[in-house]
Amino acid sequence: MTVLVYFKANLGLSKVATEIVTYAKKIGEQVIVLTNGEADANTLAQYGNYGASKVLWDADTNTTDNQVLSRLIGSIAEQEGAKTIIFTHDNIAKAVAPRLSVKLRAGLVSGAVDLPNSEGLVKVNVFSGKANGFVKVSTENKIITLLPNSIQPEVTSTNCPVEAIKTDSGESAIKVLTTKKPEGEIPLPEAEIVVSGGRGLKGPENWGIVENLAKALGAATACSRPVADIGWRPHHEHVGQTGVAIRPNLYIAAGISGAIQHLAGVNGSKVLVVINTDPEAPFFKAADYGVIGDVFEVLPRLTEAIEKFKASSN
Amino acid sequence: MNILVCISKSPDTTSKIAFTDGNSKFDESGVQYIVNPYDEWYALVRALELKETLGGSVTIITVGGSSDEAVIRKALAIGADEAVRIDADPKDAYYTAIQIAEYAKSANFDLILTGKETINYNGSQVAGMIAEALSLPFVSLATKLDFSGSCFQLEREIVGGIEVVEVSGPVVVSCAKGMAEQRIPNMRGIMAARTKPLQIITAAGIEGQTLFVTYDLPPAKSACKMISPDNMDELVGLLHNEAKVI
């Protein structure tokens, strides 16, 4: 069986891309990667290490438009005889995968967190992370979008050929005027460790202690809803029901009470550490490790302890 | 401007999540249903704001049984002009989207809005599927939506940032936080909702593409291990040796 993996190219090797290539290799014999936009052929060849047999690279179609991409991916899937398509569950897939599901008559499982089980059912989070559902796809064609951090990338093979392709996938009806994107940060949904601050930080000028801890851990920073709403932090850092849902290996919450809406965005995290002055904060009920104390004292101490640990383990 | 807003019911955020029939069905006993918050707060309220400045009408549509009429009346009380209920049990997102697309084909909408996802299935599927079935452009996860001149101006969430786009209608848009503020229906709205037109349509004969076979609940968290604020070395040790995350 041939499985097609799609991701938008970026210049470096993308961790979430290595995850979906690994995932595809575990469910199919042959894995073909399709990507588009600006990339580096040597980097693309490295996806062979994770199981891709070839990479098709359409450099000229440099867009994330869902109508154009669904034409591109649909035509390559047909051409390569791929009946299963795998995406990472990001904002591109959320727009493109549903279109392809209709176009190819392919049942769509969005937000998978595991490989299909022995009965072929795919596990997904439902009820905002409060339960799991097991989904059967009734159609021959299938599309799965995989939540980041659901599978460990595995190197099983060596570099693979990269074929530059030219396609005509038509024009976009949507005109992009500007893009506002901070450079050089770890994208929140892909981060393995996240340090998050809430109202307990008392003001945007105090974020240095959150950032220092994040730096010591190689983590991304995040925040609670009230903090984004009052403008202390940018909206793309807001995790929770209405913001971004994340599932890092480690989530450290400082000065966040842990309202149900916040938990909905982080309860997929493998380990939760909660630091709060209030012993009654509901977040402690969901936490693995808790520290009752003043974030202004605890965070610098934790940063120091992490630095000491990193220095001794090197 | 004629706007179609797709709404879904979802259990109130504080509902107890449990399953029956050998874990194959959501246990509805004691569950209070609400209009899915993304559909209500963002899609419906923004549609009403656009109608208030540009004129036109706002129609809400849902796929569901007669028990869904309470949430339909709620959306009408907030200010929608009329409602359509496609009389069927929504089998999956594909089934729902195709039913709505079939209805939209026969009408003349400039704009079709949905919430970014439901809070029960979190699939984020229906809007893109409607767009494909109608061959329309689709702006996903929009946080801002305006209309001027002859086209829509939108902001949408992209990975790690925001994109500002422009598109001519008709277009399908899924709405995220930032679009509008919640509106509480007033008594006049609630009274008026009782007599607003509700059209009930027979469903088109199509099959779903996916099926939720079983559910389970994540294992209960073991008690939180408390660490003294004076002993961060202990926390680092636990994160390394016990949790194995650093």
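Predicted model: local features only at pLDDT ≥ 70, side-chain atom pairs only at ≥ 80, totals over all residues.
A crossing of two helices is left-handed if the near helix is turned anticlockwise from the far one by less than a right angle, and right-handed if clockwise. Residues are numbered from 1 along each chain as its sequence is written, while chains are lettered from A and ligands numbered from 1 in the order in which they are written.

The predictor assigns the complex an ipTM of 0.94 and a pTM of 0.92. For chain B, the average pLDDT is 95, and 100% of the residues score at least 70.

In chain B, helix 3 (residues 93-106) passes helix 4 (residues 126-133) in a right-handed crossing; helices (H or I, at least four residues) and strands (E, at least two) are DSSP runs, numbered from the N terminus. The two axes come within 8 Å and cross at roughly 45°, where axes are lines fitted to C-alpha atoms, for helices over the stretch in contact, and angles run from 0 to 180 degrees between N-to-C directions. Helix 3 of chain B is therefore oblique to helix 4 of chain B (angles under 35 degrees count as roughly parallel, over 145 as roughly antiparallel, 65 to 115 as roughly perpendicular and the rest as oblique). Residues are in contact if their C-beta atoms, placed from the backbone, lie within 7 Å; those of helix 3 of chain B include Tyr94(B) and Ile98(B), and those of helix 4 of chain B include Met129(B) and Ile130(B). By class, this contact has ten nonpolar, one polar and no charged residues (Ala, Val, Leu, Ile, Met, Phe, Trp, Tyr, Cys and Pro count as nonpolar, Asp, Glu, Lys and Arg as charged, and the others, Gly among them, as polar).

In chain A, the axes of helix 3 (residues 66-80) and helix 4 come within 9 Å and cross at roughly 50°, which makes helix 3 of chain A oblique to helix 4 of chain A. This crossing is right-handed. Its contact comprises five nonpolar, three polar and two charged residues.

The contact between the chains takes 69 residues from chain A and 60 residues from chain B. Helix 4 (residues 91-103) of chain A gives the most to the side of chain A that touches chain B, with eight residues. That side divides into 33 nonpolar, 22 polar and 14 charged residues.

Strands of a sheet pair through backbone hydrogen bonds, either parallel or antiparallel. Strand 7 (residues 131-137) of chain A pairs with strand 14 (residues 210-216) of chain B in the antiparallel sense over six bridges (two strands pair if DSSP finds at least two bridges between them). Here Asn132(A) stands opposite Asp216(B). An open sheet of six strands, with parallel pairing, has the order 12(A)-11(A)-13(A)-14(A)-15(A)-15(B). Its edge strands are strand 12 (220-223) of chain A and strand 15 (225-227) of chain B.

Most residues other than glycine have a negative phi, and most peptide bonds are trans. Asn23(B), which is not a glycine, has a positive phi of about 60°. A cis peptide bond joins Gly169(B) and Pro170(B), with omega about -10°.

How values were computed: Contact = placed C-beta atoms within 7 Å. pLDDT = per-residue confidence, 0-100.
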